[in-house]
Amino acid sequence: MMQTNNYEILRNTWIYQEIQQLIQTEIQQQQRDEHCQILLSIVQARFPRILAQARPRIIQIQDQASLRTLIVQIGSARTEKEARQQILQLPL
């Protein structure tokens with residue numbers, strides 16, 4: 001019982017909350033990096049001729065939802081032209 005109470009007190013401290021936020025930010029960055037790598041691997045495997053054009057645009061994406069959407073779009077693109085159109089819509 002005493003340990004739970006001490007833990008609750010610790011959770012309410014600014015340092016705990018700051019560390020928790022730092023950890024969360026780091027996890028999100030790692031997930032974003034992983035999504036970028038997955039997307040670049042898909043482009044390289046399916047459409048290697050557009051990889052050089054795609055790489056700078058893909059690595060600029062910060063939003064994980066956008067990366068997941070693009071993974072599906074590029075993964076399901078039937079032609080290089082379709083994939084290129086998706087990539088060209090991304091900002092540089």
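**View 1. The whole chain at a glance.** Helices (H or I, at least four residues) and strands (E, at least two) are DSSP runs, numbered from the N terminus. This is a predicted model, in which local features need pLDDT of at least 70 and side-chain atom pairs count only at pLDDT 80 or more, while totals for chains, interfaces and linings use all residues. Residues are numbered from 1 along each chain as its sequence is written, and side-chain values use heavy atoms, with hydrogens and water left out. The C-alpha atoms fill a box of roughly 65 × 25 × 15 Å along the principal axes. The radius of gyration is 20 Å, whereas a compact globule of 92 residues would have one near 12 Å; this radius is taken over C-alpha atoms, and the globule rule is 2.2 Å times the number of residues to the power 0.38. Buried residues make up 25% of the 92, where buried means under 20% relative accessible area, exposed over 50% and partly exposed in between (1.4 Å probe, protein chains only). Of the contacts (heavy atoms within 4.5 Å) with a separation of 6 or more, 67% join residues 24 or more positions apart.

**View 2. Helix α2 against helix α3.** Here the axes of α2 (residues 14–46) and α3 (residues 51–58) come within 10 Å and cross at roughly 165°. That makes α2 roughly antiparallel to α3. Axes are lines fitted to C-alpha atoms, for helices over the stretch in contact, and angles run from 0 to 180 degrees between N-to-C directions. Angles under 35 degrees count as roughly parallel, over 145 as roughly antiparallel, 65 to 115 as roughly perpendicular and the rest as oblique. The crossing of α2 and α3 is right-handed; a crossing gets that name if the near helix is turned clockwise from the far one by less than a right angle, and is left-handed if anticlockwise. Look for C36, L39, L40, V43 and Q44 of α2 meeting L51, A54, R55 and I58 of α3. These contact residues divide into seven nonpolar, one polar and one charged. Ala, Val, Leu, Ile, Met, Phe, Trp, Tyr, Cys and Pro count as nonpolar, Asp, Glu, Lys and Arg as charged, and the others, Gly among them, as polar.

**View 3. Helix α3 beside helix α5.** The axes of α3 and α5 (residues 80–88) lie 10 Å apart at an angle of about 30°, so the two helices are roughly parallel. Their crossing is left-handed. Q53, A54, R57 and I58 in α3 touch R84, I87 and L88 in α5. By class, this contact has four nonpolar, one polar and two charged residues.

**View 4. Helix α4 on helix α5.** With axes 8 Å apart, α4 and α5 pack at about 160° and are therefore roughly antiparallel. α4 passes α5 in a left-handed crossing. L70, Q73 and I74 of α4 make the contact with A83, Q86 and I87 of α5. The residues split into four nonpolar, two polar and no charged.

View 5. H35 sits in helix α2 and counts as buried because its relative accessibility is 16%. Beyond its neighbours within four places in sequence, H35 is in contact with Q64, L67, R68 and I71. D63 belongs to the loop between α3 and α4 (64–76) and is partly exposed, with a relative accessible area of 42%. The C-alpha atoms of D63 and R32 are separated by 7.6 Å, although these residues are 31 apart along the chain.
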